[in-house]
Amino acid sequence: MSTLKSPAVGAGFPGPALAGPGVGAAHGPDTAWWRDAVCYEIYPRSFADSDGDGVGDLAGATARLDHLGRLGVDAVWITPFYPSPLADGGYDIADHTDIAPDLGTRADFDALVARAHALGIKVLVDLVPNHTSHEHPWFRAAVATAPGSRARQRYIFRPGRGADGTLPPNDWQSAFGGPAWTRVPDHDGNPGEWYLHLHAPEQPDLNWRDPEVVADFERILTHWLDRGVDGFRVDVAHTLFKADGLPDAGPGQHKDIFRNHLMPYYDQEELHPLFRRWRALLDNHPAPAGAVAPRERVMVAEAGIFDPERLARYVSPGEMQQTFNFAFLECPWDGATMRDVVEQSAASMQAVGAPVTWVLSSHDAVRPVTRYGGSTVGERRARAAALLMLALPGAAYVYQGEELGLPQAELPDDRLRDPLWERSGHQERGRDGCRVPLPWQGDAAAYGFSTAAAEDCWFPQPADWAGLCALAQEADGDSMLALYRSALRLRRAHRASDVVLKLDGPDSGAWFGFERGAGLRCVVNFGERPLPLDDGAEVLLASAPLEGRTIPQDTAVWMTFKESKK
């Protein structure tokens, strides 16, 4: 076994290495910047508040972009900032080409894009094509007109089953709990047709077989391309088309994620011609006026498909360039299971010539520190997982606050907003705990996020987050922030977009290692037994202090070799 030799790492681990503005330009002339990019997810309502109303906004995000420049990311993905009644955290959109008034103005968005580009950071925005808000003008027109009207054809309306249509049209269940159908009244006040919503009732599904829907989303794509964005994250990309005839799905819906591709409302064949059409639009749309140079636009699919070969179809040539690897996010902290997921993911993407897009967290997931065990154990594993993800060849996404090592926050019942809470009969607390505002500085909530009183912020922050603030971590060479900065600096020096991944290690999964390329090797020890170091290796970065000349449990190490390994 060849692992590493530590140069005085036993007493600690490397401190911060600051990256200056323009770090995203490190890709040089290669237009396929997305193949090994690190993209940072901004959830704007919880990132930074510029006007003291307790809600993050676009101007606040712009003011904090230097933090991302120093971190060393290549791109940002901004979750929805569009007008919305907020039934589902902004993913219920009333106007796909405007700015929510409490988040800013179009000028604020333009300023954010300009500042990001000045820092060498590309900008992706959310495209939410499966559904609209129930307050969207299209849906208001649909419920105001009679069954069979042109307005209703943009959505999925159907008569009910049973006597007088009192039962939903089929057995489909909402991802948030309960039936995926809601009934609307006819003009005479009597119960009428049902409309489909795979998520909340306030999010009616669009009919993607309607040409007006197709044309309108091409208009939406063009609008944001003209405002200078570099790409789109496509929300629930696997749900747009539903099987002909809307057949029953049967029992167990949303219970076994590994059967998602078998559901009649997921992963339909008609998706792929649509995505090829969008890709052609992005590839052929002219650069906005004033652009320094042409740049390749990117689409990343949020597709909840766990069959690796089915998922790879979303990034086949001519379709999207990236698709989130949720199998990696959902994987428990177990070496054998993690190795299987990594190998299967790499093999399936290699078959279509696409990079794996690794993701450990998002605004929809329990934060890794908590997910991997909480407290000291969870933090240690989250540090190791970060080095694992950032060493793997391909692209990576970092959700805001992961670079600070934030745990999942516990919120009081009366502050929960996620529709999962109500739709599950208060059985599932939902995703709000990972959407709490970031702590930037200070000893008490709101920690520099806002000048508003802590109790007036849209989500409360934990009282014990002072030590997790970005400013506090700036002075700590052993902090999570220091680890991420060092990792991203080293990652840029060891680009690996086209490396064929080969893992080594015992079948037990006690540890595994791999070559990233450009001379960098990563080893992760999951097992209880310390892993001996190799005399020919030089440590570049470790997620935790080493024990003499061994790697302890739940630790990842990056290394290079001065001489060829024997």
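Two residues are in contact when heavy atoms of each lie within 4.5 Å. The model shown is predicted: local features need pLDDT of at least 70, side-chain atom pairs count only at pLDDT 80 or more, and totals for chains, interfaces and linings use all residues. Residues are numbered from 1 along each chain as its sequence is written, and side-chain values use heavy atoms, with hydrogens and water left out.

**View 1. Confidence along the chain.**
The predictor's confidence in each residue, pLDDT, runs from 0 to 100. The chain average is 91, and 93% of the residues score at least 70. Over residues 1-30 the pLDDT stays under 50. For that stretch the model has 92 contacts beyond four places in sequence.

**View 2. Trp-278 and the largest nonpolar core.**
A nonpolar core is a set of buried Ala, Val, Leu, Ile, Met, Phe, Trp, Tyr and Cys residues joined through side-chain atoms within 4.5 Å. Buried means under 20% relative accessible area, exposed means over 50%, and partly exposed lies in between (1.4 Å probe, protein chains only). The largest core here has 152 residues, and Trp-278 and Trp-558 have the most contacts inside it. Helix α11 supplies the largest share of this core, 9 residues. Leaving aside neighbours within four places in sequence, Trp-278 is in contact with Leu-127, Pro-129, Trp-208, Phe-217, Leu-221, Val-234, Leu-240 and Met-299.

**View 3. Aromatic pairs.**
Rings of Phe, Tyr and Trp (its six-membered ring) pair if their centres lie within 6.5 Å; planes under 30 degrees apart count as stacked, over 60 as edge-to-face and the rest as tilted. The whole structure contains 27 aromatic pairs. In one of them, Trp-208 and Phe-217 have ring centres 5.2 Å apart and planes at 50°, so the pair is tilted. Trp-208 and Phe-217 are buried. In another, the ring centres of Phe-328 and Trp-358 are 5.1 Å apart and the planes stand at 65°, so this pair is edge-to-face. It links distant parts of the chain, with Phe-328 in helix α8 (residues 326-330) and Trp-358 in strand β10 (residues 357-359), 30 residues apart. Phe-328 and Trp-358 are both buried. One aromatic cluster is formed by Trp-208, Phe-217, Phe-275, Trp-278 and Tyr-314.

**View 4. Charges over rings.**
A charge sits over a ring if NZ of Lys or CZ of Arg is within 6 Å of the ring centre and within 35 degrees of the ring normal. Lys-122 lies over the face of Trp-33, 5.1 Å from the ring centre. Over the ring of Phe-459 sits the charged end of Arg-417, 5.6 Å from the centre.

Helices (H or I, at least four residues) and strands (E, at least two) are DSSP runs, numbered from the N terminus. The expected span of a helix is 1.5 Å times one less than its number of residues. Helix α11 (residues 375-391) has 17 residues and reaches 25 Å from its first C-alpha to its last, close to the 24 Å expected. Its buried residues include Gly-378, Ala-382 and Arg-383. Ser-375, also in α11, has a positive phi near 55° and is not a glycine. Ser-375 counts as exposed, at 63% relative accessibility. The 14 residues of helix α14 (residues 480-493) should span 20 Å, and its end C-alpha atoms are 20 Å apart, which agrees. Of these 14 residues, 12 are buried, among them Met-480, Tyr-484 and Arg-491.

**View 5. The loop between α12 and α13.**
Arg-431 is in the loop between α12 (419-423) and α13 (470-474). At 12% relative accessibility, Arg-431 counts as buried. Not counting residues up to four places away in sequence, Arg-431 touches Asp-88, Phe-176, His-363, Asp-364, Gln-408, Asp-418, Pro-419 and Leu-420. Ala-446 lies in this loop as well, and a cis peptide bond with omega of about 15° joins Ala-445 to Ala-446. Leu-468, in the loop between α12 and α13 too, counts as partly exposed at 21% relative accessibility. The C-alpha atoms of Leu-468 and Glu-403 are separated by 9.9 Å, although the two are 65 residues apart along the chain.
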